[in-house]
Amino acid sequence: MSEAARTVMIRNVSNVIPIYHMQSFKLPDVTIKKLNYAQQAFWRNKKTNKDLQNPSQPKQGCSVSHNYTHVHQLFTVGTAEWDKDLLNILFSVTIVDFILSISIHPARSDRMIWILEKNESFSVKSSYHKMMQESSLSQPVDIRMSKIYCRLWKLPTLPRIKHFLWKAISDLLSTKNVLGPAVVGEDDSCPMCNLHPESATHLIMNCTFSRAIWFATLGWTSNSTGSLQEWIASWFDILQNGSIKEAEIINRVIIAWNIWTTRCNKVLQQKNPTPEVIIQQCKTLMDEHTLMTYNSLQPSLRVNRVNVH
Ligand SMILES: [Zn+2]
């Protein structure tokens, strides 16, 4: 499941869980507060959202902070101005300066707002975009890769295959070396050959199982000594200079995707088809793709082809 889908699911599930009980019982305020806190804690988690900061905390040693629970208590009584003396008692200098920079609007009541949306209401979409923006700022994509990603998402093939390709070129496939011993335990060997540690590069390019698939379907195997990411990126480089056609890229992706799904089926569902079956699946999918492209590009020929049969 994609990161975006997981985010939506977490939000929906965490909202839906209490609804059944709420239909029958009035939940205590304490429980509702805890439910809200659990959701807020998720979004404030540094791993899930680096941009959201925890609310300002009172400075250490301040013994009266628990007396203040509302913003208006920080105003000078009878005015709409911050009580500077009180702020200095409660908070550090940095936080006091920050609070003093906030304008007070006495005619409006306090409420929580989400500044990433015009309607000031929280949305998973804006939160997700902000997270992606932050991560792309910390890991800038170079121009070459940017062009490759752009071309990748425009490939005329199934979304699931494009998504697999994106994960492969971004080094995001969940192989044993990525998951680590905490998830997969002691056995880090490739499930297809049991001879080498499993990595995406080994599984798709170098494993004896996958080399047999590549050779049987395309008549060659990779002679690249680099990583899977570099190998796939090189496909788009030679596509760019016209040495191969887009259909060739799609054939390669179909084979890599079939190797990956075979591996996943073996690990997760204990299915173990023979290489002949996998080779036939690859050829069928490649033929279907060629036919689909043929039909969409040349409708007049498609009619003739139908007539022949
Ligand atoms: Zn292997």
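Reader: What share of the 309 residues in the chain is buried?

Author: In this predicted model, buried residues come to 17% of the chain's 309 residues.

Reader: And how many helices and strands does the chain have?

Author: There are 15 helices and zero strands. As for how the chain meets itself, look at contacts with a separation of 6 or more: 52% of them join residues 24 or more positions apart.

Reader: How should I read a nonpolar core, and which residues have the most contacts inside the largest one?

Author: The general idea first: in soluble globular proteins, nonpolar side chains tend to be buried together. Here, the largest nonpolar core holds 34 residues, and L165, A168, I204, V253, I254 and A256 have the most contacts inside it. Several helices supply at least two residues each, among them α6 (143-153), α7 (159-169) and α14 (275-297). The largest share comes from α13, with nine residues.

Reader: Let me pick I254. Which residues is it in contact with, leaving aside neighbours within four places in sequence?

Author: I254 touches I161, C282, L285, M286 and H289.

Reader: How are α7 and α13 set against each other, roughly parallel or roughly perpendicular?

Author: Angles of 65 to 115 degrees count as roughly perpendicular. The axes of α7 and α13 come within 10 Å and cross at roughly 80 degrees, so these two helices are roughly perpendicular to each other.

Reader: Which residues meet there?

Author: From α7 you get I161, F164, L165 and A168, and they meet V253, I254, A256, W257 and W260 of α13. Sorted by type, the residues of this contact are nine nonpolar, no polar and no charged.

Key. Residues are numbered from 1 along each chain as its sequence is written. This is a predicted model: local features need pLDDT of at least 70, side-chain atom pairs count only at pLDDT 80 or more; totals for chains, interfaces and linings use all residues. A nonpolar core is a set of buried Ala, Val, Leu, Ile, Met, Phe, Trp, Tyr and Cys residues joined through C-beta atoms within 7 Å. A residue is buried if 20 or more other C-beta atoms lie within 10 Å of its own, exposed if 12 or fewer, and partly exposed in between; C-beta atoms are placed from the backbone. Helices (H or I, at least four residues) and strands (E, at least two) are DSSP runs, numbered from the N terminus. Two residues are in contact if their C-beta atoms, placed from the backbone, lie within 7 Å. Axes are lines fitted to C-alpha atoms, for helices over the stretch in contact, and angles run from 0 to 180 degrees between N-to-C directions. Angles under 35 degrees count as roughly parallel, over 145 as roughly antiparallel, 65 to 115 as roughly perpendicular and the rest as oblique. Ala, Val, Leu, Ile, Met, Phe, Trp, Tyr, Cys and Pro count as nonpolar, Asp, Glu, Lys and Arg as charged, and the others, Gly among them, as polar.
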